[in-house]
Amino acid sequence: MSAVFFLLPVALGLGGVFVLLFLRAAQKGQFDDLDDPPRRVLEDD
Amino acid sequence: MNEPAVAACPHCGTIVEGGGYCCTGCEMAAAIIQGAGLDRYYQTREKPAARPGKGRTDWSQVPVTEAEGGRTTCELAVDGLDCAACVWVVERVLETVPGVERANVSYATGRARLAWNRNRTNLPALCAKVEALGFRPRPLTAAPQRDHSLLLRLGVAAFVAMNVMLLAVSLYAGWFAGMEEAYVTLFRWTSLALATPVATWAAWPFYRGAWNGLRARVLHMDLPVSLGVVVMYAHGVWATLSGHEAYLDSLTMLVALLLGGRVLEQGGRRRAVEAALALASSAPRSARRVTGTTVETVRADELRPGDLLEVGMGEELAADGVIAEGRGAVRMALVTGEAEPRAVAPGDRVVAGALLEDGALRVRVERAGADTLVERLAAGLASAADRPTLPALTDRVAPWFTAATLVLATVGGLAWLVLAGAPAALQVTVAILVVACPCALALASPLAVAAGLGAAARRGLLLRSGDTLRVLARVDTVVLDKTGTLTAGEPVVVEADDAVLRIASGLERQSVHPIARAVVAEAARRRIPLPLAEDVREEAGVGIRGRVDGRAWRLVRGRPGEIALWGEDGHVGAIRLRDVLRPDAAEAVKELRGLGVEVVLLSGDHAEVATRIGAEAGVVEVVAETGPAAKAEWIAARRAEGRTVLFVGDGINDGPALAGADVGVAMGSGAASSLLVADGVVAVDGLKPVAAGLRAGRVVERTVRGNVLRSLVYNTSAVGLALAGIVNPLVAALLMPASSALVIGGALRVDAGVARS
């Protein structure tokens with residue numbers, strides 16, 4: 001069970017990496033337009 | 001020695017040895033023009049074109065307005081349009097590009113309005129085409145910088161909330177099943193460490209809102225929220241240090257939910273504001289600056305207060321200022337909504353974006369660039385996107401709520417102090433403050449409003465604020481303009497003499513009125529070159545006068561469906577036009593009447609035409625022959641009777657009516673200036689979005705009321721439990737999400753409600 005002392009920070013660190021990726025994506029405007037890209041996928045040409 | 005043969009470059013007029021084109025750019029421009037069968041440009045242009053060059057604008061970054069079915073629109077400025085032939089060639093060349101639906105270039109304002117199918121072409125390609133001809137397209141004022149900070153805070157808060165909740169579940173499980181002290185301590189300290197950035201950084205918007213409210217002596221929803229968060233965090237620090245259960249899971253969850261509501265609400269409003277801005281923003285144009293005896297052309301953003309500008313007829317002012325010399329007629333519809341040009345003389349103030357319809361002026365600059373009135377209006381519009389609206393209902397509840405919470409916490413704390421001593425009293429006081437934190441109440445309105453704005457937007461109506469939705473719910477009278485609103489706004493010339501059409505098109509070519517567009521379009525279709533008109537004066541609602549070929553002409557409304565041309569010797573001829581009803585107008589009117597609102601047609605047109613159109617659309621009450629001012633008066637009279645009026649219109653003439661109604665909605669196809677005063681924009685070609693907007697308003701109003709009731713019931717019962725001493729962190733962790741889920745569930749049904757009703 002004492003592995004928790006090691007695994008908890010590792011898990012949080014791993015999660016933190018994804019949070020940082022999200023922050024970066026948000027700042028670059030990836031989430032600015034959530035309406036058109038899904039519609040465009042359905043268009044053929 | 002032989003003199004070498006010289007000839008002018010057929011495109012740009014540069015003298016070239018041996019004849020032919022001066023450069024490949026000109027050769028390509030000519031090839032485009034000839035390939036499109038537009039050779040007439042070379043005969044009708046008043047001066048040679050500029051040599052084509054590559055522009056520096058990255059057009060893929062310029063915002064465009066996208067609508068259903070791939071239709072994309074964009075308005076941009078085009079420099080180098082020196083004559084009507086330039087306008088004509090730009091329009092026609094663009095229209096030969098597959099996928100382009102419309103290319104309108106206004107000679108008067110130097111603006112091009114493009115509509116194309118985004119599946120078949122794009123803005124960079126279209127602009128490259130314009131540049132290849134030797135004209136220089138420029139983007140209009142860039143869209144406001146997006147503020148991502150709420151989304152960033154939400155991302156962090158959501159991540160933390162999920163992890164703290166996981167740790168809390170373990171702790172609660174350990175509470176019942178037993179857990180080694182070392183793990184309990186680890187989990188508690190980890191929770192506190194994770195919750196710290198949420199309680200400080202992520203919750204910052206609520207602290208700021210509460211503080212701003214306090215300074216303005218208003219108690220609004222952010223105050224009890226901040227109070228709850230601060231109490232929970234302070235208690236969390238104390239509990240972790242002293243080895244007690246904390247409310248940190250509730251805290252992080254609450255902040256994440258509230259931020260989620262804010263993000264949704266902000267997104268809904270921003271979409272509307274950006275759409276309006278992209279349509280209406282005024283470009284920093286160039287200006288002619290007078291320095292001593294020289295006149296130089298400079299960019300509008302290079303102007304400084306004190307500069308002297310020269311402004312000619314048909315030009316837009318680049319800065320706010322005072323007239324130093326000259327007289328003229330200025331139309332300031334963009335700012336004041338007034339349609340009629342106003343006569344101005346030295347000493348009068350004029351504003352940037354005003355159009356000099358007549359005369360010549362010298363203007364002393366008072367404010368330039370971002371300080372001009374029109375830029376500040378646009379900036380206000382842009383910042384409105386990032387300012388949370390606090391709809392009236394939750395705002396009215398908030399002060400009472402805060403007061404009641406504080407009183408109950410004090411009374412409860414004192415009672416427990418007397419009955420059970422200090423430690424128990426502290427626990428109860430904290431519990432009251434925690435469960436009283438109005439998470440559900442704070443979410444009640446923004447979530448429903450965001451869902452309502454989204455539901456309206458999907459149906460083609462973009463609203464500027466959530467408050468507009470709430471007013472829409474109360475609307476009982478819908479006033480429709482005729483031209484451009486109930487009708488397609490693009491009347492078609494059905495009968496006209498070539499000679500009459502020629503003079504008329506000359507007079508009308510600077511006008512943006514639909515009739516003018518029809519006349520000019522018909523003239524171009526018949527390949528009648530637009531003659532140059534002088535002293536053109538538009539009389540709003542009456543007609544237009546001016547000089548063509550050295551003679552004076554007047555173009556006025558004649559019999560219904562006709563405009564009549566009068567020369568110096570009397571009536572010359574008439575042009576017959578027909579206004580066609582929008583395809584969905586009758587259905588939209590029926591839908592509006594089905595909602596129980598009174599539908600009225602207000603038209604500046606003759607009674608006969610207005611009645612015919614009204615009958616076709618199914619409108620019972622028709623008020624004809626009302627001018628721009630009379631429309632606003634008519635609306636004011638109805639409002640004085642206690643009615644809530646929605647006005648739908650387009651064009652400059654409707655400015656006062658749009659601003660005077662409870663809710664003013666502009667048709668997106670109308671004049672750009674009307675969009676600055678309107679509360680909403682119909683972004684698609686049609687009237688049905690108006691009915692959808694009314695339905696969305698009503699559903700949202702109902703949902704918000706239901707949500708407020710639900711959250712008040714929750715808070716009351718939770719505070720009761722806390723007073724009884726039953727609430728501990730586990731109970732709070734179960735109660736709070738449950739109440740929020742109720743509210744979120746209500747908001748999720750908004751779109752379905754709009755579709756059903």
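Visitor: Which residues in H8(B) meet which residues in H13(B)?

Guide: From H8(B) come Pro224(B), Leu227(B), Gly228(B), Val231(B), Met232(B) and His235(B), and from H13(B) come Val430(B), Leu433(B), Val434(B) and Ala436(B). Residues are in contact if their C-beta atoms, placed from the backbone, lie within 7 Å. This is a predicted model, where local features need pLDDT of at least 70, side-chain atom pairs count only at pLDDT 80 or more, and totals for chains, interfaces and linings use all residues. Residues are numbered from 1 along each chain as its sequence is written, while chains are lettered from A and ligands numbered from 1 in the order in which they are written.

Visitor: What makes H8(B) oblique to H13(B)?

Guide: Their axes come within 8 Å and cross at roughly 135 degrees. Angles under 35 degrees count as roughly parallel, over 145 as roughly antiparallel, 65 to 115 as roughly perpendicular and the rest as oblique. Therefore H8(B) is oblique to H13(B).

Visitor: How long is H3(B), and what span is expected?

Guide: H3(B), residues 84–96, has 13 residues and reaches 18 Å from first C-alpha to last, close to the 18 Å expected. The expected span is 1.5 Å times one less than the number of residues.

Visitor: Which residues of H3(B) are buried?

Guide: Among them are Trp88(B), Val89(B) and Leu94(B). A buried residue has 20 or more other C-beta atoms within 10 Å of its own.

Visitor: How many residues of chain B are in contact with chain A?

Guide: Chain B brings 13 residues, and chain A 16. The largest share of chain B's side, six residues, comes from H5(B).

Conventions:
Axes are lines fitted to C-alpha atoms, for helices over the stretch in contact, and angles run from 0 to 180 degrees between N-to-C directions. Helices (H or I, at least four residues) and strands (E, at least two) are DSSP runs, numbered from the N terminus. Two residues are in contact if their C-beta atoms, placed from the backbone, lie within 7 Å. A residue is buried if 20 or more other C-beta atoms lie within 10 Å of its own, exposed if 12 or fewer, and partly exposed in between; C-beta atoms are placed from the backbone.
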